[in-house]
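Visitor: I'd like to learn how to read a model like this one, feature by feature. Could you walk me through it?

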Amino acid sequence: MNIHIPTPLRVYTGGAETVSIPGATITDVFSSLTTQFPELKQQLFNNEGKLRSFVNVYFNDEDLRYLPEKEATSVTDTDELTIIPSIAGGSACCSCCPLL
Amino acid sequence: MLHIDYSDYATMRVHGEETYPHECCGVLLGRSEPSANGAPPRNRVRQIVRAGNTRTDSAHNRYNIAPQELIRIQRQARTLGLDIVGFYHSHPDHPAQWSPTDFAEAHWIGCSYVITSVEQGKAAITNSFLLTGTTEEDKRFEDQGIEIDVAQVHAKRHKNPTER
């Protein structure tokens, strides 16, 4: 399947913005992806092997977190995976700032 | 260095005035060009894209771009042969400096984060910060100069002398 790589992570894929990775499930694909591009592992996953909280992954147009089978979802060569780090912020000094 | 046409620079600032007292946000599309002597890369903006702020619960001091919108913008960039090279947002009645929240939520290393302070509804100062480092653990914001290209505006005015 094709995996779309966001700008900041392309330094770890030799500049490629899309890479084609084989696999039967999303877990397989991630495993092959980080085998082929080892430096991506630290960028995408925390020490417990879970996706970092700010890393959004979309399977075609569906958020991975809301797929019934999540990473165990079966994939085909024509499916697409998009990795997109979150973008947020604001002038609030911290999470404890009053919202309103 | 962040290189941007004057019209895009002005549009960014107007966006902040339009959404005041709420924060605006958007995406900078362009190309990242290597610099000589190990200097940070130059992010050259070719197009800006307005985005919606999903933080309606606290839009006066927070912003968030929905991932689905970000994916749509990334696809748009790919079609144009461009990359996402940065983001912009406003700080209503707050300085144009990155906040702890901005830093905690910044994950696009190598990208420019542009902040415009909007004071009483009027755009004031615009600053850019380059997110550098290699991982979440060693990332940092560095002040980034903004180079504004006014030649494009002059060229457009020359073509259309009736434009005000």
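Guide: Happy to. This is a predicted model, so confidence comes first. Chain B has a mean pLDDT of 92, and 92% of its residues reach 70 or more. Residues 160-164 of chain B fall below 50, and that stretch has three contacts in the model beyond near neighbours in sequence.

Visitor: How should low pLDDT be read?

Guide: Where pLDDT is low, the predicted coordinates should not be read in detail. As for the model as a whole, the scores are ipTM 0.90 and pTM 0.91.

Visitor: Let's go inside. What's the idea behind a nonpolar core?

Guide: In soluble globular proteins, nonpolar side chains tend to be buried together. Here the largest nonpolar core has 27 residues, and those with the most contacts inside it are Ile87(A), Val27(B), Leu29(B), Leu70(B), Phe87(B), Trp108(B) and Tyr113(B). Several elements of chain B supply at least two residues each, including strand E2 (25-33), strand E3 (42-51) and helix H2 (67-80). H2(B) gives the most, with four residues. Apart from this core lies another, of 24 residues, with Leu9(A), Ile21(A), Phe30(A) and Phe59(A) among them.

Visitor: Which residues does Leu29(B) contact, beyond its neighbours within four places in sequence?

Guide: Leu29(B) is in contact with a list of chain B residues that includes Arg44(B), Val45(B), Val49(B), Ile73(B), Ala77(B), Leu82(B) and Val85(B).

Visitor: Is Gly86(B) buried or exposed?

Guide: Gly86(B) is buried, because its relative accessible area is 0%. It sits in strand E5 (residues 83-92) of chain B. Leaving out residues up to four places away in sequence, Gly86(B) touches Val27(B), Leu28(B), Cys111(B) and Ser112(B).

Visitor: What about Thr82(A), buried or exposed?

Guide: Thr82(A) has a relative accessible area of 3%, so this residue is buried too. Its place is strand E5 (residues 80-85) of chain A. Set aside residues up to four places away in sequence, and Thr82(A) touches His4(A), Asn56(A), Val57(A) and Tyr58(A), along with Ile71(B) and Gln74(B).

Visitor: On to charges. How many salt bridges are there over all chains?

Guide: The count comes to 13. Arg52(A) is in the loop between helix H2 (39-44) and strand E3 (55-59) of chain A, while Glu137(B) is in the loop between E7 and strand E8 (140-144) of chain B. Arg52(A) is buried at 14% relative accessible area, whereas Glu137(B) is exposed at 58%.

Visitor: Which residue forms a salt bridge with Arg44(B)?

Guide: Glu33(B), with the closest N and O atoms 3.0 Å apart. Arg44(B) lies in strand E3 and Glu33(B) in strand E2 of chain B, so the pair ties together parts that are eleven residues apart in sequence. Buried means under 20%, which is how Arg44(B), at 18%, counts as buried. Glu33(B), at 27%, counts as partly exposed.

Visitor: Which residues are linked in a network of salt bridges?

Guide: Arg10(A), Arg31(B) and Asp83(B) are linked that way.

Visitor: Last stop, the surface. Which residues form a nonpolar patch there?

Guide: Tyr6(B), Ile148(B) and Val150(B) do, with about 240 Å² of accessible area together. Ile148(B) belongs to strand E9 (residues 146-149) of chain B, and counts as partly exposed at 33% relative accessibility.

Note on methods. Residues are numbered from 1 along each chain as its sequence is written. Chains are lettered from A and ligands numbered from 1 in the order in which they are written. This is a predicted model: local features need pLDDT of at least 70, side-chain atom pairs count only at pLDDT 80 or more; totals for chains, interfaces and linings use all residues. Side-chain values use heavy atoms; hydrogens and water are left out. Patches are made of residues with over 30% relative accessible area and no salt bridge: like charges are joined within 9 Å, nonpolar side chains (Val, Leu, Ile, Met, Phe, Trp, Tyr) within 5 Å. Accessible areas come from the Shrake-Rupley method with a 1.4 Å probe; for residues, only the protein chains shown count as cover. A salt bridge is a side-chain nitrogen of Lys or Arg within 4 Å of a carboxyl oxygen of Asp or Glu. Buried means under 20% relative accessible area, exposed over 50%, partly exposed in between (1.4 Å probe, protein chains only). Contact means heavy atoms within 4.5 Å. pLDDT is the predictor's confidence in each residue, from 0 to 100. A nonpolar core is a set of buried Ala, Val, Leu, Ile, Met, Phe, Trp, Tyr and Cys residues joined through side-chain atoms within 4.5 Å.
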